[in-house]
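Here is a friendly walk through one protein chain, meant to be read with the model open beside you.

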Amino acid sequence: MTRLPPRSRKVRILATLGPASDSPEIIRALFVAGADAFRINMSHGSHEDHAARIAIIRTLEKEFGRPTTILGDLQGPKLRVGTFERGLAVLETGAAFVLDRDPAPGNADRVNLPHPEIYAALLPETRLLLDDGKLVLRVKAVTADRIDTVVEVGGALSNRKGVNVPDVVVPVPALTEKDRRDLSFAVEQGCDWIALSFVQRPEDLAEARKLMGGHGALMAKIEKPSAVQRLEEILELADGVMVARGDLGVELPPQAVPPLQKQIVATARRMGRPVVVATQMLESMIKSPTPTRAEVSDVATAVYDGADAIMLSAETAAGDWPEEAVAMMDSIAHSVERDPGYFARLHFTETKPDPTTADALAEGAAGIVSVVGASAITCFTLSGSTVRRVARERPMTPILALTPRQDTARKLGLTWGVHAVRTKDIGTFEEMVGKARRMALRHDMAEKGGKIVVLAGVPFGTPGSTNVLHVTALRGDELRGRD
């Protein structure tokens, strides 16, 4: 087994796999460079491609003896116009333009829009954004099979370009037939997280949760203004959340996205849900070996805000410098976390504990480490809930999660500050203390003479029973006579 010490940074890095990163050598290089988790983008590639990458990750997991997280990202419903007689048409600003149910190829006056749910949802004066917001139409009249608009921002529109409807909730199902097939595949392959695209309302999560059948964790991607308006309700039903700034930036003015990013991150942190910040973080590194200064600041801002994970998309999936992009993100995160003001900034977001024993102990553990100078917080967990509660407090020390369940260890790979280890369960208090000490030494979380804080639940092996907090010192000889 290849030994690699735990990450010394708290924020996690999620790297997307694709054509530029589909070989065992490249995926291994991304992991060594700093990738803690891997995203499988179901919008591109075949199930055969994805299965091959997943197999490589699981082989990597065995090589390093470290649970490694895989996120399956569903495409979601894609709304698109039809085709044009000449492949494209130029829409003039101020001109009238019609979208209709006629499948005949379009021109500069009209085009097919084969989505009846849009016709049902639109109202006069709402907007339609075409081709990632490059063109803007204002609705003037709408019937069951015709939408009359005025072109507010014109330009060339080609076949099957996307349509965004930012001003109303469109009653499209959150899961398409393709998504259902992809979700079934992801569950069969043992993906640890499923990301649901274009969530608009809490109800959108219900079908995905049912189809998952208790396997994996569910992440809501926030990329619609309507989702932001019901953010807390969505987070109540989701296990985690992604700030998907690509489509969010299409449907909202660009200047509206940074405050929303901070709002989503802060809300997720208060509610104890892992939050991923994604899209265009190091975009220029698709073609360049170095990022722009603005991109570096963008990544740093997400780290300062306390995001659990930061994500690379095309940079690692299709870029020329995938390994360098991960190494750069790792370097930026380390730089921020070494800032003496980092932890003070993290705690601008207040995370009040719920009135439960587990929350009280999690908050207490975070305070105790700074008072007694402990090196780590060690949590025994079955479901991971204790670990997530501790991580919500953003303690100064790393969190060592010890669990007998491989699925729990893998899911924790997107949680701030956590190093998860699969290990045998414990049965007594003495066994708990002894194992906590040994694991802290084995995984470089503490040294001889150092202290650790231990959290567990009695009776042992009962999910959700955290009721023990113990501080113990390490003699340094706990591993003597053990492999």
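The text below goes from domains to one helix and then to one lysine.

This is a predicted model, where local features need pLDDT of at least 70 and side-chain atom pairs count only at pLDDT 80 or more, while totals for chains, interfaces and linings use all residues. Residues are numbered from 1 along each chain as its sequence is written, and side-chain values use heavy atoms, with hydrogens and water left out.

An automatic or database domain assignment divides the chain as follows.

| Domain | Residues |
|---|---|
| domain 1 | 12-76 + 174-339 |
| domain 2 | 88-164 |
| domain 3 | 357-474 |

The centres of domain 2 and domain 3, taken over C-alpha atoms, are 55 Å apart.

Now to helix α2, residues 47-64; helices are DSSP runs of H or I with at least four residues, and strands are E runs of at least two, numbered from the N terminus. Its buried residues (under 20% relative accessible area, 1.4 Å probe, protein chains only) include Ile 54, Ile 57 and Phe 64. The buried residues of α2 pack against several elements, among them β1 (12-17) and α16 (406-411), where contact means heavy atoms within 4.5 Å. Just after α2, Gly 65 has a positive phi of about 60°.

Is Lys 221 buried or exposed? Lys 221 counts as buried because its relative accessibility is 8%. This lysine, Lys 221, sits in strand β13 (residues 217-222).

Key: Expected span 1.5 Å × (residues − 1). Buried < 20%, exposed > 50% of the residue type's maximum accessible area, 1.4 Å probe, protein only.
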